[in-house]
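My notes follow the order in which I looked things up.

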Amino acid sequence: MNGSSPPDTTPAPPVHLHVCVTCRRGLPASDNPQGRQLHDAMQALAKGHSNIVVHEVACLAACNDGCTAVIATPGKWGWLLANLGPEKADDLLTYIDAYAASAKGTVMPSRRPASLGDMVRGRFPASLFSGV
């Protein structure tokens with residue numbers, strides 16, 4: 001016996017993405033706002049990723065920066081993200097994968113897709129997301 005511990009096989013907690021479905025991004029009111037379109041696109045992309053849970057929220061009160069979302073995982077920083085839209089769904093999935101792989105939930109701008117360079121509006125302590 002070499003004295004080493006067995007590898008940790010505990011699955012990582014899922015990444016929770018809360019998308020504002022009422023966001024219109026400054027566009028006229030419609031039955032299918034941009035935020036709803038982003039939510040639906042992320043829900044479709046998340047189907048292939050068991051570690052991503054997509055939630056809808058009615059408003060994140062960041063209307064001037066829409067579309068907006070919050071990403072959170074227990075034990076990691078949570079982030080308020082802005083300037084999103086359904087056209088950025090694939091890049092947001094890339095960001096979510098990098099977030100999931102990070103130890104503390106920080107993804108440096110150089111590791112984000114270029115289209116998401118201006119998306120961070122704030123971060124929240126991990127202690128706020130114990131139950132997501």
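**Helix 2 and what it packs on**

I began with the buried residues of helix 2, which pack against strand 1, helix 1, strand 2, strand 3 and strand 4. Those buried residues are Ala89, Leu92, Leu93, Tyr95, Ile96, Ala98 and Tyr99. I call a residue buried under 20% relative accessible area, exposed over 50% and partly exposed in between (1.4 Å probe, protein chains only). Helices (H or I, at least four residues) and strands (E, at least two) are DSSP runs, numbered from the N terminus.

The model is predicted, so local features need pLDDT of at least 70 and side-chain atom pairs count only at pLDDT 80 or more, while totals for chains, interfaces and linings use all residues. Residues are numbered from 1 along each chain as its sequence is written, and side-chain values use heavy atoms, with hydrogens and water left out.

I checked the length of helix 2 next. Its 13 residues should span 18 Å at 1.5 Å a residue, and its end C-alpha atoms are 18 Å apart, which agrees. The expected span is 1.5 Å times one less than the number of residues.

**Helix 1**

Helix 1 covers residues 34–46. I found Gln34, Gly35, Leu38, His39, Met42 and Ala46 buried there. They sit on the same side of helix 1, because they cover an arc of only 140 degrees around the axis. That arc is taken from the directions from the helix axis to the C-beta atoms. I then asked: what covers the buried residues of helix 1? The cover includes strand 1 (15–20), strand 2 (52–57) and helix 2 (89–101). Helix 1 lies across strand 1 and strand 2, and runs at about 160 degrees to strand 2. Axes are lines fitted to C-alpha atoms, for helices over the stretch in contact, and angles run from 0 to 180 degrees between N-to-C directions.

I traced an open sheet of 5 strands in the order 2-1-3-4-5, with mixed pairing. Strand 2 and strand 5 (120–124) stand at the edges with a single partner strand each, so one side of each has no neighbour in the sheet. Two strands pair if DSSP finds at least two bridges between them.

Strand 1 pairs with strand 2 in the parallel sense over 6 bridges. Valine 15 stands opposite isoleucine 52 there, and histidine 18 has histidine 55 as its bridge partner. With strand 3 (residues 69–72), strand 1 pairs in the antiparallel sense over 4 bridges. Leucine 17 faces isoleucine 71 in that pairing.

Is strand 1 covered on one face or both? Both: Val15, Leu17 and Val19 are buried on one side, and His16, His18 and Cys20 on the other.

**The core**

I looked up the largest nonpolar core, which has 26 residues; Met42, Ile71, Leu84, Leu92 and Tyr95 touch the most other members. Helix 2 gives the most to this core, with 7 residues. Such a core is a set of buried Ala, Val, Leu, Ile, Met, Phe, Trp, Tyr and Cys residues joined through side-chain atoms within 4.5 Å.

**A loop residue**

Last, I turned to threonine 68, in the loop between strand 2 and strand 3. Threonine 68 counts as buried, because its relative accessibility is 2%. Leaving aside neighbours within four places in sequence, its contacts include His18, Cys20, Leu80 and Leu84. Contact means heavy atoms within 4.5 Å. Leucine 84 touches Thr68 too, and its list also includes Arg25, Leu38 and Leu92.
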